[in-house]
2 protein chains.
Amino acid sequence: MGILERKEREREEMRRLILEAAQKLFLANGYEKVSIRNIADEIEYSPATIYLYFKDKNELFFALHQQAFRKLINEFAPIAHLQTPMDKLEEMGRLYIRFAFENPELFDLMFIMNAPMDAIECREDIWDDGHQAFQVLQNVVQECIDSGAIQHPDAERAGLMIWSTVHGLAALFLRKRMMIFGEERKKTLMDEAYDLFVQTIRKGL
Amino acid sequence: MGILERKEREREEMRRLILEAAQKLFLANGYEKVSIRNIADEIEYSPATIYLYFKDKNELFFALHQQAFRKLINEFAPIAHLQTPMDKLEEMGRLYIRFAFENPELFDLMFIMNAPMDAIECREDIWDDGHQAFQVLQNVVQECIDSGAIQHPDAERAGLMIWSTVHGLAALFLRKRMMIFGEERKKTLMDEAYDLFVQTIRKGL
DNA sequence: TTGTTTACTGAACATCGTTCATTATGTTTG
DNA sequence: CAAACATAATGAACGATGTTCAGTAAACAA
């Protein structure tokens, strides 16, 4: 009785098709301009069909946000080859900022938008993707502590402080709050601010 | 010929009335649940009337965002009484975070939402409120540099780094990305992370 | 008292997320 | 093979949304 399994496969395939179309439109036009009807048009199905595979729009965007986290975690992979824990930490921050810069919509979905968080709130679930990603950071910070490169003993606290700084840079940039520095200077100033941060924690953390 | 002036006064009064109603509904129900029709109902006018005083919804929320900036700048005022520049800097960060915590909707409007920035983009204007607020920070940083409390010479660069950290903490908190730390621990962890940041820049910046 | 400017509105447009009765399709049973 | 059932997909609708515009009524000017 392989029929049930085929049905399951077809269901997965359909979810994949919807997410693919959603992602495409999302990256092309930005979140605000993508509607359920647009997505339905793209895959040549009725809008109502999408609701057979996703509870609502929040859940659809939550699924997209999960994909984006897989991408980010992948981009973190190369840091393993670096020599010292402190170099790993520095490169991780740089990768976080670069990810935000090169994938603004994905970053928005992962760390700024409300929709994905609203999706898991009603399911009273934990935010697993975020937890895993932070764990990667926290582990590197712990390495820094163990090797003596960081003196402060609490990896979670230090990790949050570091996350906040790089996230702040990325978020202020993406939400256009850096326009006060001028269109051409804001990117370099952002990089300089991050360099200064790295230099500071190397000395004082 | 005081008629023109009275007309002007009435016009200002009407704008004030609209903004007051919008602010009230905004704080009560959150941005996402406030529509032009709600605001019109609140002041007992037709929805179309609002468009006689504001170009569109973005411009209305831009005006609200200006009010919010006046409030924030006011809350920064007491730092003038503090002794050392470094104490001023520390207290400013704390005030920024507290402002976000106690006025989540206003903070969102000022530093996260797209709407207010979209309003000035088409007017190709500069973001004056943000510029002024950052200037306040930058001045304090410059004091720290002049007094030798901060060694790095560039106040703008250091200011952006500091702004990013406190903003990152506030933004991650408000957009519910700190749920990974647990409901009861996230607020204290946030404060601890800020303390650690202050300690770090006192040592290494 | 006219004519004209101004303030306001009701109704409409296009779009949105979402639901639901109905149809079409595929599967199982007699 | 035919009848009964289960599933997938849909068209049409609901109540919203932001925004526009022709039309009305009141305030002003001549």
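The legends below describe close-up views of a predicted model with protein chains and DNA strands.

Residues are numbered from 1 along each chain as its sequence is written, and chains are lettered from A and ligands numbered from 1 in the order in which they are written. Local features need pLDDT of at least 70 and side-chain atom pairs count only at pLDDT 80 or more, while totals for chains, interfaces and linings use all residues; side-chain values use heavy atoms, with hydrogens and water left out.

**View 1. Chain A and its helices.** Chain A has 10 helices and 0 strands, where helices (H or I, at least four residues) and strands (E, at least two) are DSSP runs numbered from the N terminus. Along the sequence the pattern is α-α-α-α-α-α-α-α-α-α. Taken along the principal axes, the C-alpha atoms of chain A fill a box of roughly 60 × 45 × 30 Å.

**View 2. The two domains of chain A.** Domain 1 covers 1-54 and domain 2 covers 65-204; these bounds come from an automatic or database domain assignment. The C-alpha centres of the two domains of chain A lie 30 Å apart. In chain A, 6 residues of domain 1 are in contact with 6 residues of domain 2 (contact means heavy atoms within 4.5 Å). Between these domains of chain A an area of about 520 Å² is buried, and carbon and sulfur atoms give 69% of it. Buried area is the accessible area (1.4 Å probe) that two parts lose on being put together, summed over both. F26(A), L27(A) and Y31(A) supply 67% of the area that domain 1 of chain A buries against domain 2 of chain A, more than any other three residues.

View 3. The same surface serves both copies, as 100% of the contact residues of chain A recur in chain B.

View 4. Sugar and phosphate account for 60% of the atoms of DNA strand C that come within 4 Å of the protein. Phosphate oxygens of DNA strand C lie 2.7 Å from a side-chain N or O atom of Y51(A) and 2.5 Å from one of Y53(B). A base nitrogen of DNA strand C is 3.3 Å from a side-chain N or O atom of R37(B). The elements giving two or more residues to this surface are α1 (3-29) and α2 (36-43) of chain A together with α3 (47-50) of chain B.

**View 5. The protein surface near DNA strand D.** Of the 19 residues around DNA strand D, T49(A), Y53(A), R6(B), R37(B) and Y51(B) come nearest. A base nitrogen of DNA strand D is 3.3 Å from a side-chain N or O atom of R37(A). With 3 residues, α2(B) gives the most to the surface near DNA strand D.

Note on methods. Near = heavy atom within 4 Å. Polar contact = N/O pair within 3.5 Å; in protein donor to acceptor, adjacent residues only side chain to side chain.
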